[in-house]
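Try each one yourself with the structure open before reading on.

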Amino acid sequence: MLCTYCLLGSALLGGVLGFSAMPEDGYPKTIALPNDALPEGVVGGEGSYLFAGSLADGRIWKIDTSSGSVMEHVAALPVNESMSMASHPAVGLCYDKMTKILWVSGGPSGEARAFDGESGAMLGVWAIAPAGSSFVNDCIVTDAGVYFTNSFAAEFYLLPWSGDGHMLPNSFNVIALADEWEQSEGFNANGIEALADGSLYIVHSSSGVLYHVLPSGMAHKVALTNLEGEPYLVFTGDGILLDGTTLYITMNGYNQIAVFDMKMMTGTEIKTVSDDDFDEVTTIAKVHDRFYGVNAKFATPPPTDYHIVHITGLP
């Protein structure tokens with residue numbers, strides 16, 4: 001469906017918003033975002049660039065990790081005064097390098113959005129879940145289309161490509177999470193990643209369980225173990241990143257990133273990393289051989305200092 005605020009999303013705002021001093025290794029350790037940013041999602045774009053989004057108003061910033069410069073890529077979206085929080089926030093992000101399209105999870109708006117990764121123009125919006133009672137949390141681009149999670153419902157969504165070459169979808173599918181999936185109070189399905197065979201990993205924030213999910217919705221628990229061989233529950237699991245057979249899971253409530261060697265239905269801890277610069281780190285992205293996380297600082301009301309953190313010590 002077409003959106004009513006696409007023109008606002010396409011505004012090109014050219015000023016540099018933030019810059020971080022260059023450390024000795026040539027890459028900024030932290031990159032400052034605006035003090036009203038309320039960031040949550042981060043994803044790698046082209047070259048050395050990242051995108052980060054705002055829970056406050058849907059703004060999106062384009063960040064050069066080599067210099068630390070921050071440019072506003074998408075302007076704030078309109079506010080609906082009848083909703084208790086931001087009408088059109090940007091939550092989890094995913095990027096399609098084939099089409100250079102940035103996909104955005106819309107949280108309580110129930111929306112999935114697509115933006116041009118180069119111009120910032122909004123390309124479309126899809127109302128995939130009920131506004132107000134949903135929380136569309138994260139997304140991943142696959143050969144089948146773009147998948148989105150909903151933290152408040154035992155279902156996820158596929159926006160299938162409308163043709164060859166990742167053409168923009170003209171419909172969406174609602175897929176029920178079934179079999180071993182256990183819905184609970186609080187945040188459920190959160191971070192999502194895709195395996196080479198088309199299946200998915202979805203982390204359950206409240207229970208700390210990682211699920212292997214088929215495109216049909218059949219979900220099975222993945223046995224994660226720590227370095228001692230004991231079960232490892234990734235409580236407050238948020239954004240996840242799969243790089244080959246290595247899975248990175250951010251645990252925002254613990255300011256940690258757990259790293260696992262995955263064998264489809266099992267995962268063995270490689271290490272769990274923290275960082276003095278973490279402050280409720282929510283999501284993780286990789287640019288070249290460098291990793292970055294975003295500090296959401298949920299417990300600290302704005303205005304406050306928000307940063308993207310260059311994470312060291314990850315395998």
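**Exercise 1.** Does Arg59 count as buried or exposed?

*Solution.* Please keep in mind that this is a predicted model.
- Step 1: take the cut-off, under 20% relative accessible area for buried.
- Step 2: Arg59 has 9% relative accessibility, so Arg59 counts as buried.

**Exercise 2.** Find the residue with which Arg59 forms a salt bridge, and work out which parts of the chain the pair ties together.

*Solution.* 
- Step 1: look for the partner. Arg59 pairs with Asp36, and their closest N and O atoms are 3.3 Å apart.
- Step 2: check the partner's accessibility. Asp36, at 36%, counts as partly exposed.

**Exercise 3.** Searching the whole structure gives 9 salt bridges. Take the one between Lys29 and Asp275 and describe its setting.

*Solution.* 
- Step 1: the closest N and O atoms of Lys29 and Asp275 are 3.0 Å apart.
- Step 2: Lys29 belongs to the loop between strand 1 (16–18) and strand 2 (30–33), and Asp275 to the loop between strand 24 (266–274) and strand 25 (281–287); the pair therefore ties together parts 246 residues apart in sequence.
- Step 3: Lys29 is partly exposed, with a relative accessible area of 26%, whereas Asp275 is buried at 12% relative accessibility.

**Exercise 4.** Describe the salt bridge of Asp261 and Lys263, then name the residues that shared partners join into one network.

*Solution.* 
- Step 1: Asp261 and Lys263 bring their closest N and O atoms to 2.7 Å.
- Step 2: Asp261 is partly exposed at 26% relative accessibility, and Lys263 is exposed with a relative accessible area of 54%.
- Step 3: for the network, follow the salt bridges that share partners: they join Lys29, Asp275 and Asp277.

**Exercise 5.** Which cysteines form a disulfide, and how far apart are their sulfur atoms?

*Solution.* 
- Step 1: a search of the whole structure finds 1 disulfide.
- Step 2: Cys94 and Cys139 form the disulfide, with sulfur atoms 2.4 Å apart.
- Step 3: the angle about the S-S bond is -120°, and the link is left-handed.
- Step 4: Cys94 is buried, with a relative accessible area of 4%, and Cys139 is buried, with 2%.

Note on methods:
Residues numbered from 1 in each chain as written. Predicted model: local features only at pLDDT ≥ 70, side-chain atom pairs only at ≥ 80, totals over all residues. Heavy atoms only, no water. Salt bridge = Lys/Arg side-chain N within 4 Å of Asp/Glu carboxyl O. Helix = DSSP H or I, 4+ residues; strand = E, 2+ residues; numbered from the N terminus. Buried < 20%, exposed > 50% of the residue type's maximum accessible area, 1.4 Å probe, protein only. Disulfide = S-S within 2.5 Å.
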